[in-house]
Amino acid sequence: MSFDPKIREEIKKRVLDESVFGPMVDDLFNSVDSDKNGFIDRAELKKLLAEIGQVLEIPPPSDEDVDNELKRLDDNKDGKVSKQELRKLVKELVLLVIDNI
């Protein structure tokens, strides 16, 4: 499957526009933050990564994968993922996928 280059560029434009992309990630964040504490903890991140893997038809993440991703995303090193930190992950994934289809 291949997207028309114009569609691909429009998706990239929207991902890079915080006024469009931010609210979408906020909705995702709110659905993943099951305990509603304002952060995604390790267990919630593991579930999210497993769901993303399922969509992309890749194996679920190992505990080591989850730990590594948490360390990579956790800019302030508090052991959890904020909305802003989740934006980094989602933006990377969307751009990676769109560049490879």
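**Exercise 1.** How many aromatic pairs does the count come to by the ring rule?

*Solution.* Start with the rule: rings of Phe, Tyr and Trp (its six-membered ring) pair if their centres lie within 6.5 Å. Apply that here and the count comes to zero aromatic pairs.

A quick word on what you're looking at: this is a predicted model, where local features need pLDDT of at least 70 and side-chain atom pairs count only at pLDDT 80 or more, while totals for chains, interfaces and linings use all residues. Residues are numbered from 1 along each chain as its sequence is written, and side-chain values use heavy atoms, with hydrogens and water left out.

**Exercise 2.** Find where confidence is lowest and highest in the protein chain.

*Solution.* pLDDT is the predictor's confidence in each residue, from 0 to 100. The protein chain averages 91, and 97% of the residues score at least 70. Now go by helix (a DSSP run of H or I, at least four residues, numbered from the N terminus). Helix α5 (residues 83–99) is lowest, at a mean of 88, and helix α4 (residues 63–73) is highest, at 95.

**Exercise 3.** Work out how α2 sits against α5.

*Solution.* Axes are lines fitted to C-alpha atoms over the stretch in contact, with angles from 0 to 180 degrees between N-to-C directions. The axes of helix α2 (residues 18–32) and α5 come within 10 Å and cross at roughly 105 degrees. So α2 is roughly perpendicular to α5 (the class for 65 to 115 degrees). Next, the contact (heavy atoms within 4.5 Å): α2 brings E18, F21, G22, V25, D26, L28, F29 and N30, and α5 brings K83, L86, R87, V90 and K91.

**Exercise 4.** Which residue lies over the face of F39?

*Solution.* A charge sits over a ring if NZ of Lys or CZ of Arg is within 6 Å of the ring centre and within 35 degrees of the ring normal. Here K80 lies over F39, at 4.2 Å from the ring centre.

Conventions: Helices (H or I, at least four residues) and strands (E, at least two) are DSSP runs, numbered from the N terminus. Angles under 35 degrees count as roughly parallel, over 145 as roughly antiparallel, 65 to 115 as roughly perpendicular and the rest as oblique. Rings of Phe, Tyr and Trp (its six-membered ring) pair if their centres lie within 6.5 Å; planes under 30 degrees apart count as stacked, over 60 as edge-to-face and the rest as tilted.
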